[in-house]
Structures are given as structure tokens and as C-alpha cells.
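Subject: Structure handover

Hello,

Here is the structure I promised to pass on. Please open it first, then read the notes below.

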Amino acid sequence: MLHLLYTGTNYDEVKRLCGDRVLAPYFCMGFSMLSVDTGNGFVTVNEGDTIVLEDDGSLRVEK
């Protein structure tokens, strides 16, 4: 299991972890967000959230 904290400035790391299951970041009201496909649909990832890559290859987001 791998954990990665999204800081708003580490999109390249997120892309390496998630591959093509991540959408490019967007900015809203001064904050960066992105979306990842968990296999059960897209989940918004805000700055300070942790993306978890499970041993089975699935993704989840810890708020």
C-alpha cells in the first residue's frame, strides 16, 4: 500500500502513482483540486487529502 499527500504542487508525483486514472488539476478560489478514478467513479482530491494505492491496484482518497 502506498500513500501520497496531495499538496497542490505535486501533480507529477500523483500522475506517477495514479497513471491515467487522474485528471489534471484545476484551481478554484485559490485552491488546487484534481480528480482520480477509484474504480467506483471519480473522487475529488483537495489539497491535504491523501491518495492511497492499495495492494490490489485500486485507489482511494482519505479526506
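Of the 63 residues in the chain, 35% are buried. Buried means under 20% relative accessible area, exposed means over 50%, and partly exposed lies in between, with a 1.4 Å probe and protein chains only.

Two points on the source. This is a predicted model, where local features need pLDDT of at least 70, side-chain atom pairs count only at pLDDT 80 or more, and totals for chains, interfaces and linings use all residues. Residues are numbered from 1 along each chain as its sequence is written, and side-chain values use heavy atoms, with hydrogens and water left out.

**Overall build**

Read from the N terminus, the order is β-α-β-β-β-β-β. The chain is as compact as a globular protein of its length, because its radius of gyration is 11 Å, close to the 11 Å from the globule rule for 63 residues. That radius is taken over C-alpha atoms, and the rule is 2.2 Å times the number of residues to the power 0.38.

Along the principal axes, the C-alpha atoms fill a box of roughly 35 × 20 × 20 Å. The accessible surface of the chain is about 3900 Å², and 56% of this belongs to carbon and sulfur atoms. Areas come from the Shrake-Rupley method with a 1.4 Å probe; for residues, only the protein chains shown count as cover.

**The sheet**

Three strands form an open sheet in the order β1-β5-β6, paired antiparallel. Strands pair if DSSP finds at least two bridges between them. The edge strands are β1 (2–5) and β6 (59–62), each pairing on one side only.

**β5 and β6**

Four bridges join β5 (residues 50–53) to β6. Thr-50 stands opposite Glu-62, and Ile-51 has Val-61 as its bridge partner. The hairpin of these two strands has five residues between them, and Gly-57 takes a positive phi near 95 degrees there.

Which residues of β6 lie on its covered face, and which on the uncovered one? Leu-59 and Val-61 are on the covered face, Arg-60 and Glu-62 on the uncovered one. In a regular strand, side chains alternate between the two faces of the sheet.

Best wishes
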